Amino acid sequence: MEENKQEDIKEVIDELNEPVEPVEPAEQTEQVEPEPEPQPEPVNSDVINGITIAVIETLDIIQNRVCKMIAKKQDIDFRFTEPEKTALQTVWRPVVMKYYNKISVEFIAITMTSEILVMKFIEAKKIGLNKNAK
Amino acid sequence: MRNRKLILIIGTTATGKTTILCEIIKHSKQKVLIYDINREQLYKKYPVVNLLKIDKIQKGKWRCIYPEPHKFIDNVIKYYRNGLLILDDTDRYLSSANIDWKNLLIGHRHFGHDVIAVFHSLNRVLPIFYENCTDIILFKTQEYPEKLIYKLPNPDIIIKAYDELQKMEQYKYKFIKIR
């Protein structure tokens, strides 16, 4: 195991660039052309507003819970409740995927049950959702 | 001549996984196919390849955005040869039905694939990834790795790395050679 250094990644890159025995290609040799990237379909603004409200409500619940922990001077040992997980999975991710694709979707992974994630949600809500809901 | 690699990049959000991945892609001299199911902004510079034309990629860096992971993996197994395969945000489709992980991961050498798969936690990684991986790039995660002792390859080294990372800054990582 190596210490964390920039050289580690250089080593990985160098290793990946070392020669390897090629295998038989699957088929043909024709050139491939880039495809145009499909754009999200236009959607009814009522649907966007409805989903956005649902997201904001979920965020409010999470935010309130964190605030209570802070107020009670409890350690923030955050775990999502099952309804929150469901809400985040079914509502938040598609919203981001479709309408807010400038926000990284990585932090949505529900495996990240940390205060960092909660703060990111709150931050996203402040900077993005209210503005985009209009 | 070296052997083909299966590298796991594991870490919680905002630790620098994508930054490392972008460096590797940028400097790769072999052709690259990224499964960009999230349509990440960072990959926008790479052209999109149709799922049915994966076999025609001869060089360069491409991304596929086809929304059905099992079909993407099937086509990679059948048609993609001699290149680097990037599976970003693997957690997201890890449990999708019908994905032939066994064929992909056991057979990647025969298909001429180097594979890099990205996960958010040690716990989420399926055993078949651990059984076949050659290297792990571990960032901070939030879990209890000692509970995974029977699942991890070289558990002592990984748990030691995990513990050390907890005391380090957010963007630090450990590079662990498995085999």
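Start in chain B of this predicted model by selecting residues 69-79, helix H2, together with residues 101-111, helix H3. The two helices pack at an angle of about 25°, and their axes are 10 Å apart. That angle makes H2(B) roughly parallel to H3(B). If you look at how they pass each other, you'll find a left-handed crossing.

Now show the side chains where the two helices meet. On the H2(B) side, pick Ile73(B), Val76(B) and Ile77(B); on the H3(B) side, pick Asn103(B), Leu104(B) and Phe111(B). Sorted by class, this contact has 5 nonpolar residues, 1 polar residue and no charged ones.

Stay on H2(B) for a moment. Which of its residues are buried? Select Phe72(B), Ile73(B) and Val76(B), and you have them. Turn the view until you're looking down the axis of H2(B): these buried residues fall within an arc of 95°, so they line one face of the helix. What lies over them? Bring up strand E2 (32-35), strand E3 (61-64) and strand E4 (83-87) of chain B, along with H3; the cover of the buried residues of H2(B) includes these elements.

Next stop: helix H1 of chain B, residues 17-27. Color Lys17(B), Thr18(B), Ile20(B), Leu21(B), Ile24(B) and Ile25(B), which are buried. Look down the axis again, this time of H1(B), and you'll see the buried residues within an arc of 160°, so here too they line one face of the helix.

Is His120(B) buried or exposed? Count the other C-beta atoms within 10 Å and you get 27, so His120(B) is buried; the cut-off for that is 20 or more. While you're here, draw a line to Gly83(B): the C-alpha atoms of His120(B) and Gly83(B) are 24 Å apart, and in sequence the two are 37 residues apart.

Finish by switching to chain A. Color by burial, and 15% of the 134 residues in chain A come up as buried. As for contacts in chain A with a separation of 6 or more, 66% of them are between residues 24 or more positions apart.

Methods
Residues numbered from 1 in each chain as written. Chains lettered and ligands numbered in written order. Predicted model: local features only at pLDDT ≥ 70, side-chain atom pairs only at ≥ 80, totals over all residues. Axes fitted to C-alpha atoms, helices over the stretch in contact; angles between N-to-C directions. Helix = DSSP H or I, 4+ residues; strand = E, 2+ residues; numbered from the N terminus. Parallel < 35°, antiparallel > 145°, perpendicular 65-115°, else oblique. Left-handed = near helix turned anticlockwise from the far one by under 90°. Contact = placed C-beta atoms within 7 Å. Nonpolar A, V, L, I, M, F, W, Y, C, P; charged D, E, K, R; others polar. Buried ≥ 20, exposed ≤ 12 C-beta atoms within 10 Å, placed from the backbone. Arc of directions from axis to C-beta.
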